[in-house]
Amino acid sequence: MAPSFLGFFSTYVWELFRASKEDRVFHRRDVRTVILRQLKFTGAQSFRLVGIAALFVGIMTVAQSTAQLQRFGGGNALGPLLVAAIIRELGPLLTTLIVVARSVSAVASELSSMKANGEIELLHSVGVSPLSYLVLPRVLGGAFSVFLLCIHFVAVALTSGYLFGQLFVKMPLAKFVLDILHTLSPADIVLFTFKSLGAGVGIFLLATFVGLRTSGRSYEVPQATTQAVVYSFLLTFTFQAATSLFYYFVVMNFTFGGSL
Amino acid sequence: MSENFLWDLSCVTLRARDNNFRFLSELKISRGEKIAIVGSDIEYRRSLLRLLSGLEAPKSGAVFVDGVSIPGRDERDPWRDLFPKNFRRKMGISLQSDALISNVSIGECFETLFRFKYGDHNEGLKQGAIRVPREVATSLGMNLSCLEKRPAELNALEKRLASLCLAFLTKPSILMMDNPSYALDDEAWSYLDSTIAKLVVGTQKTLVLSTGDWILADSLCDRWIVLEDKKIIFDGNKKAFRSTYKKRLTDQLSTQRWGKIRSTIEELEIKIA
């Protein structure tokens, strides 16, 4: 099953590139409209949910790390620890998971319903590629939304973490910000961008693929939705772990016993 | 293979939705022909229309469209259009499902598809995307207020008309219709029949009509293909068809749609006599 799935998927991605180039999608007002709709649905409408999750993640991270750091006498290492935990790992991971639960399922069910209703065939019949009109705007809008939501998540988590940390360790705001800025390297920013955009592109490609791959029967809609969510969860964890390992072992040349 | 034919099919195997195969030894369709595909093998009818519309690939055999060979679809690649772009632009297709893009209004759906087909890179096309759908809708007698509604808010006739609008939107020279009169009441049927006839009969348009409605086919088409038991059992002109299927045609005439058809029966009886 896996090789055939991957074979289909790679052909799908290739066809997406080809159709987008052929249809000159970025010159089309209708494509831009769908991208904006997707940004609204995935980005703007998830803003509050991601904010609430980030608020509690920031508090939990600080609560856990402050206790451990104080035990080992590393009370000043809160900034670097937050950079490592939230910017490099938790921000992109949790934001992507929230988007999977909220938007990936919606996109997969929307496309499989469209297929069941004959709307995909309608597009084919009038010579409009569903890849250009339906898939690409959703992938681009969705991926950019994930990126923006990740920034939002990090900002809220660091703020809540700082405010909650004041209960345990009094630290001036300027010092906290400077600590983070000193710890944050250009490689971190590249890693963060790559993780959020890469995961965004990956999960929305998968959702659209699974949605369009159904044979057009209505009972397949819930199956496609579940499948898209499960595959996207797996992809998210694998992608985040692989990227982190690559970053630590190849880019940062990390060895056990060394420092991050 | 000749370039004089719009479609030239030989030794084609089709896989219908009932998962059975149908074999087609030869079929040639010229420009300007108006063909009715009728018969009790509904799956064959539908598959053949879908094949001619480029929505389905043959399992084997040679298919030429406007002189261009159409390859069988790679199983991995169901996303690529089988037909050449310039041929697709000439086609207007009305499917039985009456599918329309469900999350936008009918007018927005028309405008989007028009822009996608022709682009919107100049002012003329931008204006055209707004003007043409209204003109087509008016010519089909569709209430313009329907353009503001979503597909779910339309009744059966309005949906059928919207689907026809879509087929006529880009002024096609080739029209494909799948059971356009399906599930309509007499009054709606009568209206639809006269509307399609007005737009098609006496024009140079090529029409391929797959239908179980012989009366509609009789008023629109001049060549008939009858499909029964997984094969073509008749392929000929209107005159030959009427003489071969006189009884069945008059049976259908006498049982269906009394309101409008009485005059057609008289006309047909005179011709058959």
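The following paragraphs describe a sheet and its covering helix in chain B, then two residues with positive phi.

The model is predicted: local features require pLDDT of at least 70 and side-chain atom pairs pLDDT 80 or more, whereas totals for chains, interfaces and linings use all residues. Residues are numbered from 1 along each chain as its sequence is written, and chains are lettered from A and ligands numbered from 1 in the order in which they are written.

In chain B, four strands form an open sheet in the order 2-1-4-5, with antiparallel pairing. Strand 2 (21–30) and strand 5 (68–69) of chain B stand at the edges; each has a single partner strand, so one side of each lacks a neighbour in the sheet. Strands here are DSSP runs of E of at least two residues, helices are runs of H or I of at least four, and both are numbered from the N terminus; two strands pair if DSSP finds at least two bridges between them. Strand 4 (residues 60–65) and strand 5 of chain B are joined in the antiparallel sense by two bridges, and Phe64(B) has Ser69(B), in strand 5, as its bridge partner.

Helix 1 (residues 42–52) of chain B lies across strand 1 (5–15) and strand 2 of that chain, at about 130 degrees to strand 1. Contact means C-beta atoms, placed from the backbone, within 7 Å; axes are lines fitted to C-alpha atoms, for helices over the stretch in contact, with angles from 0 to 180 degrees between N-to-C directions.

Arg24(A), not a glycine, has a positive phi of about 45 degrees and sits in the loop between helix 1 (2–23) and helix 2 (29–43) of chain A. Asn179(B), also a residue other than glycine, has a positive phi near 45 degrees; its loop links strand 7 (174–178) and helix 6 (186–200) of chain B. Arg24(A) counts as exposed because it has 12 C-beta neighbours inside 10 Å, and Asn179(B) counts as buried because it has 20.
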